Each structure stands twice: as structure tokens, then as C-alpha cells.
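Please read them with the structure open.

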Amino acid sequence: MQVIYSDTHRKHHPSIQIFGGGEKVPSFESPERLDSIVTALKQTDWAELRSPEEFELEHILAVHAPDYVEYLQNAFNAWKTYKENLGETSQNSFVMSDTFPPRRSNRKPTSIVAQAGYYSFDLCCPIGADTYEIAVTSANCALTGAKILQTGEKSTFALCRPPGHHAGRDFAGGYCYLNNVAIAAKYLSNQGKVAILDIDYHAGNGTQDIFYSSSDVLTISIHADPALDYPYFVGYADETGEDAGQGYHHNFSLSLGTGDDEYFQSLEKALELVKKFMPKYFLISFGADIFQSDPLGSFSISSEGLLEIGTRISSLNLPTLIVMEGGYNVDTLGLNTCAMLSAFARRV
Ligand SMILES: [Zn+2]
């Protein structure tokens, strides 16, 4: 199985994040996450690591608003200028907002601090000098995976960092800047129907936002009850799409503590929806944070459960691109990711 990966991701390394309760902690979304996965992949006999190709920006602009992409590209320099104009020589190397828009406000301020709030919904997406470039490279990993599927490969893995499924058409959040799986899905949708199944612990609110009015990309997310866990405001079962996309989005909201058997029941229902849709390409937003000891998740999925999830998804026998999303237990992340992927690697 080809694995698309760029070592440049480590240039994006926010040092801290503000955790629930106002605690300042080291960022859970760290380069060590991918070190864990790459180390485990290199010990298999099926993973072939390769670099991403370059793609035109038009593929990113096909799902993200131009003003948002321009903001991501220019934010760091605008922030530096803002600091210099204040006469400050702070070495703080990341743009972070301290202000978010009240509901119903569509005013876009000129202040870079306020724009950082305008274009994000939490404090998890600081922008450093290299963040834009690395986010584009991460998107290119997913696009390269999509291109590989078009050559007839049965499955491929885009080892993306930063992740993408919380990034919407014009907003960042949850460590996500560009929605890698959505960009790949849009790219593939020119050639036929595409289904995205998001199995990260957290609801794929960004992917939902991007395709909510679309009928050519079926989106399904299985995740923790958003009334109790991040991203809280989106991911409820009654959100089923709108306009042409009505009926083409499905949320499976599960209790905290969900174990293997309960999870498989929702997975089977989701896979039935995919079969009925008959997509040409199948994309998986994979988050290993469903694993029982993940610091940001509260499910009780075992390592054997992750293998079984991979086995059931791969049994659909569709051309499948797996895109890396979350997973924050760096001690188990590599082995668990390989367990899930091995089901596809063994597929004849
Ligand atoms: Zn997650």
C-alpha cells in the first residue's frame, strides 16, 4: 500500500494549546504523532512511503473560500507587522486570536487579531511562519492519494498532518486549517460519486459544512455525542443536509464509553448507506482517537476493534483513500493505525 507522507510537517509545531478549563498545556497535535506512525509503518512488509506531488491551488479553492485561503497565507506576516507597529519585539511565533464573533455577526474586521477569531472557532489553530505551507503540503498528500486511486490502486493512505476534518469552507478549528479529505473528495467527484466516512472520535464538522448542500459527495460521521464532547455545536443526528444535499449527510452520535460491539452496530448502518449510494470512490477520515486510552477521546475501542473496523470497511471492496485525522496517544498511535490499515493491505 502506498503511503503519502512529507517529513516537512514538523516545521508546523505549535508549542501550547489552551485546554478545557483554561489550562495551558503542550499541544496534543504534535510532530511525534507522525513519528509514531512512520516508525510502525516501516516495520510492516506492506507500506511503501512516498512523497506528495505538487498540485495547483485551484483544488484547494474548490472547497475553501478564497478570502479564507488568502488569510491563512498572509496571517503570519500581517501579525508580524501588527506587532512591529505596536513597537513590540515579542518572539511569540504564532497568530492566535483572543476574540471570537458573537453569533449572527458577519462583520469581517481589518485587525489581524480579530481576523484570527473571525476565521476560527476555537484556540487550537495558531498560525506560525510555516503553517500555511505545511497545511498545503498536507492537502497535497490527500490529493496525491486521490490521484493514485485513479490509476487503479485499491487503497492508499494519506498520512496528513495537520489534520483536516474540522476545517470548514471558511474556518479553521480543532488543529485543522485545510480540509484534506474534502479537497481529495472534490477532486475525485469530477469522475463519479464519492462517499466520505469519518471515523474520528470527534464529529467531522468541517466536512459536513463543505458538502452540506451537495448530493455528489455522501458524508457520514460516526462520533462522540456532540452535546457532551468537541466540537459540541455540530454533529447531531437530525443534521441531514440541505437543498440538493438533503439526505446526503448522516451523523451517528454515540455515548461516551462506547465499546467495540456498540461501535460496530453504527458502522454497519453507515456501511449500508455507502453501499446504497454506490460511490466510485470511498474516502475514510481516520482518527485513532477512538482508541480506549486516547487523551482526547472517551470511547473504549480496542486494538482488535480497530482491525475489525478496517476489515469491515475494506470488505466493501471499493477504491479507498484513507486520510489521517486525529489520534493523540503517541505510544499506541502507530500500532493502532497499522492495525486498521493492515485490513486494506491484505485485501487481494
Ligand atoms: Zn478527533
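How many helices and strands are there in the chain?

1. The chain has ten helices and ten strands. Its radius of gyration is 19 Å, close to the 20 Å that the globule rule gives for 348 residues, so the chain is as compact as a globular protein of that length. The model is a predicted one, and every value in these points should be read with that in mind.

2. Along the principal axes, the C-alpha trace spans about 60 × 45 × 40 Å. Of the 348 residues, 50% are buried. Taking contacts between residues at least 6 apart in sequence, 74% join residues at least 24 apart.

3. Two domains are assigned: domain 1 covers 2-65 + 130-345, and domain 2 covers 67-118. Their centres, taken over C-alpha atoms, are separated by 28 Å. Where they touch, ten residues of domain 1 are in contact with seven residues of domain 2.

4. On the side of domain 1 that touches domain 2, α2 (58-61) and α5 (131-150) each supply at least two residues. The largest share comes from α5, with three residues. By type, the residues on this side of domain 1 divide into seven nonpolar, two polar and one charged.

5. Helix α8 (residues 260-277) was checked for length. At 1.5 Å a residue, its 18 residues should span 26 Å, and the end C-alpha atoms are 25 Å apart, which agrees.

6. Which residues of α8 are buried? They are Tyr263, Leu267 and Ala270. These three cover an arc of only 65 degrees around the axis, which puts them on the same side of α8. The elements they pack against are β6 (194-198), β7 (217-224), β8 (249-254) and α9 (303-314).

7. The face of α8 turned away from the buried side carries exposed residues: Asp261, Gln265, Glu268, Glu272, Lys275 and Lys276. After the helix comes Met278, whose phi is positive, near 55 degrees.

8. The backbone geometry of several loop residues deserves a look. Most residues other than glycine have a negative phi, and most peptide bonds are trans. The peptide bond from Arg161 to Pro162 is cis, with omega near 0 degrees; Pro162 lies in the loop between β5 (155-158) and α6 (180-189). The bond from Tyr230 to Pro231 is also cis, with omega near 5 degrees, and Pro231 lies in the loop between β7 and β8.

9. Tyr175 is in the loop between β5 and α6. Its phi is positive, about 75 degrees, although Tyr175 is not a glycine. Is Tyr175 buried or exposed? Tyr175 has 26 C-beta neighbours inside 10 Å, and a residue counts as buried from 20 or more, so Tyr175 is buried.

10. Asp243 is in the loop between β7 and β8. Asp243 is not a glycine either, and has a positive phi of about 50 degrees. Asp243 has 9 C-beta neighbours inside 10 Å, and the limit for an exposed residue is 12 or fewer, so Asp243 counts as exposed.

Conventions:
Residues numbered from 1 in each chain as written. Predicted model: local features only at pLDDT ≥ 70, side-chain atom pairs only at ≥ 80, totals over all residues. Domains from an automatic or database assignment. Contact = placed C-beta atoms within 7 Å. Helix = DSSP H or I, 4+ residues; strand = E, 2+ residues; numbered from the N terminus. Nonpolar A, V, L, I, M, F, W, Y, C, P; charged D, E, K, R; others polar. Rg over C-alpha atoms; globule rule 2.2 N^0.38 Å. Expected span 1.5 Å × (residues − 1). Arc of directions from axis to C-beta.
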